[in-house]
Amino acid sequence: MTDRIIGAEVIVTSPGRNYVTLKLQTADGLVGYGDATVNGRELAVASYLRDHINPLLVGIDPAQIEDTWQYLYRGAYWRRGPITMAAISAVDLAVWDIKGKAAGMPVYQLLGGAVRDRILAYTHASAWELPELLDTVDARRQDGFRAVRAQSGVPGLETVYGVHRDAHDYEPASRGTAPVVESWDTDAYLRHAPSVLTAVREHVGPELALLHDAHHRLTPQQAARLGKELEPADLFWLEDVTPAENQDALRLVRQHTTTPLAIGEVFNTIYDCKDLITEQLIDFIRVAAAHAGGISHLRKIFALADVYQVRAAPHGPSDVSPVSFGASVHLGLSTHNFAIQEYMGYDPLAHEVFPHSWSFSDGYLHPGEAPGLGVEVDEQLAAKFPYEPAYLPVARTLDGAMTDW
Ligand SMILES: [Mg+2]
């Protein structure tokens, strides 16, 4: 029996980048944390929590996880959407954290226990030119990774998603009061990308899991062509080939290629992906614990996916905080159809502000054995890094028109 919630507050901190964290406290002194970070729109979720959700949480029984979720989801009336669902996600993670701490168990034990010893992670390798990209992939393998997402520059373009011209670490969000404007030309990308990924495959041999992200930019025909041309590269997956709104596009893509497809990082609920799953139009579902309703809702999505042999592979760059990253690792250890976890790593300051029991070694992640999610917040340190305005980039085509970033 857990005591009721007596305090709910929002912590906004920027140790390298902005994170929004919900902190719940119970009468018997337990503390639970949840992640509510929406990259580039952080303060909207902070307000949604502070002004509309936190007053409702005081007095509730945090042990009633599912009822709390339903209260906030069905009780919103104006429900779904990235801001609402990130707020619900944060509450859900925080009450799972409290339940684990009350039980003295890591959350993966509450989810049914481990179904694997550790979970496979993939990271990013990017460079503008191919020789540097091959060096970066090699460096990631030396770090222990057995799965790498490779992105390169495109001749004729100044800027490309997933790549910095002069650095081998890519961080899309930039601090400032307006987004950076990137350029884009799909034809140039399609002429170049297959040769790059085929060269990476030839360089690394058959065993490394190789991934690539097209970032929502192709028409159905272009996506089908790219998938077909990438078959010799034997990708683990091709990600976000078409904009998330046009799900019928995947039917055409599927008719033309056996390259596995991964989609879902911008989805908020099971309703965004149920058709993709039940019609088997994707192979991997990429919903994240911070954005799609927390552990409670991800479990439902992953259970539906399991029926259709679609595997779970949550979004996990540095814009999900170490809190929801930890939640994802607990899910990974306890979910049978969990395939792989994206892991970009964090700024060293983020590791200090969010001390955590989850760990990476030899290409794999483990949530650790600390009770709850196993991620705490050093609030004194967090207070030293106040929010800084930051945005994800936008993109324009070469004639100046806005396009999908
Ligand atoms: Mg992605």
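Residues are numbered from 1 along each chain as its sequence is written, and side-chain values use heavy atoms, without hydrogens or water. In this predicted model, local features need pLDDT of at least 70 and side-chain atom pairs count only at pLDDT 80 or more, whereas totals for chains, interfaces and linings use all residues.

The protein contains 13 helices and 18 strands (DSSP runs numbered from the N terminus: helices are H or I, at least four residues; strands are E, at least two). Its C-alpha trace spans about 60 × 45 × 45 Å along the principal axes. Of the 405 residues, 59% are buried (buried, under 20% relative accessible area; exposed, over 50%; partly exposed, in between; 1.4 Å probe, protein chains only). The accessible surface comes to about 15800 Å², with 51% belonging to carbon and sulfur atoms (Shrake-Rupley method, 1.4 Å probe). Among contacts between residues at least 6 apart in sequence, 73% join residues at least 24 apart (contact, heavy atoms within 4.5 Å).

The magnesium ion has three protein donors: D213 (OD), E239 (OE) and E265 (OE). Donors are N, O and S atoms within 2.8 Å of the metal (3.2 Å for Na, K and Ca); water is not among the atoms, so sites may look incomplete. The donor residues follow the spacing D-x25-E-x25-E. E239 and E265 are 26 residues apart and link distant parts of the chain. E239 sits in strand β9 (residues 237-239). E265 sits in the loop between β10 (261-263) and α9 (274-278). Both are buried: E239 has a relative accessible area of 0%, and E265 has 12%.

An unreviewed UniProt entry lists residues 130-260 as "domain: Mandelate racemase/muconate lactonizing enzyme C-terminal". Such annotations may be inferred rather than shown by experiment. The span is 38% helix and 15% strand, and its end C-alpha atoms lie 24 Å apart.

R140 belongs to helix α5 (residues 130-142). R140 is buried, with a relative accessible area of 13%. A polar atom of its side chain lies 2.7 Å from the backbone oxygen of H124. Leaving aside neighbours within four places in sequence, R140 contacts T123, H124, A125, F145, V148, H168 and D169.

How values were computed
A polar contact is a pair of N or O atoms within 3.5 Å; within protein, one must be able to donate a hydrogen and the other to accept it, and residues adjacent in sequence count only if both atoms are side-chain atoms.
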